Amino acid sequence: MNHFDKIITGKQFDEERALYHLQNGQVSKCTFAGPADGESVLKESRNIEVDECSFSLRYPLWHVKKFSLKDSTMDALTRAAIWYAEDGEITGTRLHGIKAVRECRNILLNGCDIDSQEFGWKSTGITIKNSVLNSEYLLFDSRDVNLSDVTMTGKYSFQYMENLVIENCTLDTKDAFWHSTNVTVKNSLVKGEYLGWFSDGLTLIDCKISGTQPFCYCKNLKLINCTMEGTDLSFEYSDVEADIAGNVMSVKNPKSGRIILDSVDEVIMEDAAMECRGEVILRTDCKRAQTK
């Protein structure tokens, strides 16, 4: 059981730095809004618990360390809500500010409703579980990130990331994983356009993948027991090892490696701007070779 030096309950605050540098404190059922429109209400706080609070002011949790935020709401007025924060746990909370998390370390989000166009930029050690997430530029240039049981929509997701693991998620996106390094996606639905371009070490396992022109200019790309729908002009100029169940619409100029699949509508090996030696192999041909 936590023992707090200061407990604040049922108050309203709207002034600048209302609870600045609060230490070892609990803030419960409070509202941060009002005509003074003050910024940075809990800036530089340490070891705090914020529970069932409502925020409508800018920059509420900057430079906060060892914190929990539970069952609370940060509306669209909480621009740049959580920056430079460390060692935090956010549960059951609505985060609807445009730049909700940036340059943070070791943050767990569980059961959250996130609608933030620039969520999670330049952060390290972010874990997101059991959440719904809408973000146009999700987790840009972040490191050591884990997503599980997340339903997300967005456009330019997971760009310039390193060390990302995604499990049991639904991703409805566009240019996902561009320039990313060491990414593993397991048992997920991945819908997008131009997926994975310029990535290095992207691995998809037991995933359903859809969308035009995926996986071009990739290095160390692996697909294991995946399905692909509506995926034309796939794998152009990529180094790839793929085992795909079912049909692929078209494969174009894979640079190296092997793509094993059940069927393919079209293999295009022409007009290449570089040497392309990648193989496209029907699974039936593999079986024939093994029985010889």
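Reader: Why does Glu-236 count as buried?

Author: Buried means under 20% relative accessible area, exposed means over 50%, and partly exposed lies in between (1.4 Å probe, protein chains only). Glu-236 has a relative accessibility of 15%, so this residue falls under the 20% limit and is called buried. The model is a predicted one, in which local features need pLDDT of at least 70 and side-chain atom pairs count only at pLDDT 80 or more, while totals for chains, interfaces and linings use all residues. Residues are numbered from 1 along each chain as its sequence is written, and side-chain values use heavy atoms, with hydrogens and water left out.

Reader: What makes the pair Lys-252 and Glu-236 a salt bridge?

Author: A salt bridge requires a side-chain nitrogen of Lys or Arg within 4 Å of a carboxyl oxygen of Asp or Glu. The closest N and O atoms of Lys-252 and Glu-236 are 3.9 Å apart, so the pair meets the 4 Å limit. Lys-252 belongs to strand β27 and Glu-236 to the loop between β26 (221-229) and β27, so the bridge ties together parts 16 residues apart in sequence. Strands (E, at least two residues) and helices (H or I, at least four) are DSSP runs, numbered from the N terminus. Lys-252 has a relative accessibility of 22% and therefore counts as partly exposed.

Reader: How many salt bridges does the rule give, and which residues are linked in a network?

Author: The count comes to 14 salt bridges. Lys-122, Asp-141, Arg-143 and Glu-162 are linked in a network of them.

Reader: How do you know whether Val-251 is buried or exposed?

Author: Val-251 has 0% relative accessibility and therefore counts as buried. This residue lies in strand β27 (residues 239-252). Beyond its neighbours within four places in sequence, Val-251 is in contact (heavy atoms within 4.5 Å) with several residues, among them Phe-235, Ile-259, Val-264 and Val-280.

Reader: What makes Asp-265, Glu-266, Glu-270 and Asp-271 a surface patch?

Author: Patch residues have over 30% relative accessible area and no salt bridge; like charges are joined within 9 Å, and nonpolar side chains (Val, Leu, Ile, Met, Phe, Trp, Tyr) within 5 Å. Asp and Glu count as negative, Lys and Arg as positive, with His and the chain ends not counted, so these four residues form a negative patch. Asp-271, in the loop between β28 (256-268) and β29 (279-282), has a relative accessible area of 71% and is therefore exposed.

Key:
Accessible areas come from the Shrake-Rupley method with a 1.4 Å probe; for residues, only the protein chains shown count as cover. The place of a charge is taken as NZ of Lys, CZ of Arg, CG of Asp or CD of Glu.
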